[in-house]
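Subject: Structure for you, with notes

Hello,

Here is the structure I promised to pass on. Please open it alongside this message.

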Amino acid sequence: MAVMAAADHGAYASAGVDQSRAGRAVAALVSALKAIDTGRPPRAALAPGHYANVLRLDDTTGLALSTDGVGTKVIVAEQLGRFDSIGIDCVAMNVNDVICVGAEPIALLDYLAVEDADPETLEQIGKGLARGAEQASVEIPGGELAVLPELIAGHPSPHGFDLVGFCVGLVELDAIVTGARAAPGDAIVGLPSSGVHSNGLTLARRALPDVSETPPELEGRSAGEVLLEPTMIYVRAIRGLLASGLDVRGLAHITGEGLLNLLRLEAEVGYRIDAPLPRQAIFDLIASRAGVEEAELNEVFNLGCGFCCVVSSGQAKDAVQLLAQRHPGTTVIGEVTDVAGVVELPAAGLAGRRGEGFAPAG
């Protein structure tokens, strides 16, 4: 479980998501779960807070576990009446976390709660799940459908639904990637996102309530079309990187909290992003429409960078070349520093810590 940034009560809180309160709530939940006593030694190989955890199956093999949903992106799908891509997001949000510990995702289970069990809608959601599974090379051997008209209300009704996934992967215990070996001077390689992905949609929808609008900034595409763009799946690229023999020291899925997600890696280091990836127009449009300050914008959205890899500086060129084969635009965006626990964004004049968010540097 991840504790989100403690942002000030800005635009996101006004839209209904108070990250500070959510962070305290998750901390309280995790604290309660730590009290579980199974009567045997724990199998978990990692502390809570990483992208996924790993259970020791035996002396050599670990089972990586992660669960996540697609949030209020489902409302955009409901408003557009398009359900054939949201399953890709469900797969992506889970497999992209599992690969962060160096694991190979092998299977995903889906939980689908609906207001009405409409066969055509479910078929379309299923097609998205299948496409995502193929992109990630995972099976979907089962799942659960719950018809909950008293809990799920659509936009519009009766098309409401919620979609959550649970992913498992395999990793050799001596090959787990935790970020603990990241050291000052290492390179941070950024992989482009496909847009907003599946975080911050509550704020994005507040900024762009008319999904049929075609703002000039979006070059002919509607707001809904851009917001519904599926989350990028990075599995094949990262599995290729791990198999390449390059020294991969850290892997970070850039979701809610933006580049503060780098601080989920275990090393006592910091990160300076002095050459960020290009920011897609959708993010500046959200900022201008909702009055979002730069600091909060960096705490809520990926801003064009969906995944980061930490590699030794001498191998950065090779890593970029390999990753760019699947994700054009991949490049070195910064380096690891000795300022422990801090993400620096020099171009924006910001510095941030987990649980505190970004603030003016200095």
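Below are my notes, sheet by sheet and then residue by residue.

Please keep in mind that this is a predicted model.

**The five-stranded sheet**

Five strands make an open sheet, ordered E1-E2-E5-E3-E4. Its pairing is mixed. Strand E1 (53–56) and strand E4 (139–147) are the edge strands, and each pairs on one side only. From one strand to the next, the twist averages 20°.

Inside this sheet, look at strand E3 (residues 104–114) and strand E5 (residues 161–172). They pair in the antiparallel sense, over ten bridges. For a landmark, find Leu112, which stands opposite Leu163 in E5.

Helix H5 (residues 119–136) lies across E3, E4 and E5. H5 runs at about 165° to E3.

**The eight-stranded sheet**

The other open sheet has eight strands, in the order E7-E9-E6-E10-E8-E11-E12-E13. Here too the pairing is mixed. The edges are strand E7 (248–253) and strand E13 (357–360). Each has a single partner strand, so one side of each is left without a neighbour in the sheet. The twist averages 25° from one strand to the next.

Two pairings are worth a look:

- Strand E8 (residues 270–272) and strand E10 (residues 331–337) run antiparallel, joined by three bridges. Gly270 stands opposite Thr337 in E10.
- E6 and E10 also run antiparallel, with four bridges between them. Val189 has Val332 in E10 as its bridge partner.

Two helices pack here. H8 touches E6, E7 and E9, and its direction makes about 170° with that of E7. Helix H11 (residues 316–324) lies across E6, E9 and E10. H11 runs at about 10° to E6.

**Aromatic pairs**

How many aromatic pairs does a search of the whole structure find? Three. I describe two of them here.

One is Tyr234 with Phe307. The pair is tilted, with 5.4 Å centre to centre and 40° between the planes. Tyr234 lies in the loop between helix H7 (223–227) and helix H8 (235–243), while Phe307 lies in strand E9 (residues 305–311), so the pair ties together parts that are 73 residues apart in sequence. Tyr234 and Phe307 are both buried.

Another is Phe283 with Phe301, also a tilted pair. The centres are 5.7 Å apart, and the planes make 55°. This pair links distant parts of the chain, 18 residues apart. Phe283 is in helix H9 (residues 281–290). Phe301 is in the loop between helix H10 (294–300) and E9.

**Helix H9**

In H9, Ile282, Phe283, Leu285, Ile286 and Ala287 are buried. What covers the buried residues of H9? The cover includes H6, H7 and H10. Just after H9, Gly291 takes a positive phi of about 65°.

**Ser198**

Ser198 sits in the loop between strand E6 (187–192) and helix H6 (201–207). Ser198 has a relative accessibility of 8%, so it counts as buried.

Which side chains does Ser198 join in polar contacts? One is that of Asp89, at 3.2 Å. Another is that of Thr231, at 3.0 Å. Leaving out residues up to four places away in sequence, Ser198 touches Val70, Lys73, Asp89, Met93 and Thr231.

**A charge over a ring**

One last item. Arg264 lies over the face of Tyr51, at 4.1 Å from the ring centre.

**Where to begin**

- Tyr234 with Phe307, the pair with 40° between the planes.
- H5 across E3, E4 and E5.
- H11 across E6, E9 and E10.

Best wishes

How values were computed
Residues are numbered from 1 along each chain as its sequence is written. This is a predicted model: local features need pLDDT of at least 70, side-chain atom pairs count only at pLDDT 80 or more; totals for chains, interfaces and linings use all residues. Side-chain values use heavy atoms; hydrogens and water are left out. Rings of Phe, Tyr and Trp (its six-membered ring) pair if their centres lie within 6.5 Å; planes under 30 degrees apart count as stacked, over 60 as edge-to-face and the rest as tilted. Buried means under 20% relative accessible area, exposed over 50%, partly exposed in between (1.4 Å probe, protein chains only). A charge sits over a ring if NZ of Lys or CZ of Arg is within 6 Å of the ring centre and within 35 degrees of the ring normal. Two strands pair if DSSP finds at least two bridges between them. Axes are lines fitted to C-alpha atoms, for helices over the stretch in contact, and angles run from 0 to 180 degrees between N-to-C directions. Contact means heavy atoms within 4.5 Å. A polar contact is a pair of N or O atoms within 3.5 Å; within protein, one must be able to donate a hydrogen and the other to accept it, and residues adjacent in sequence count only if both atoms are side-chain atoms.
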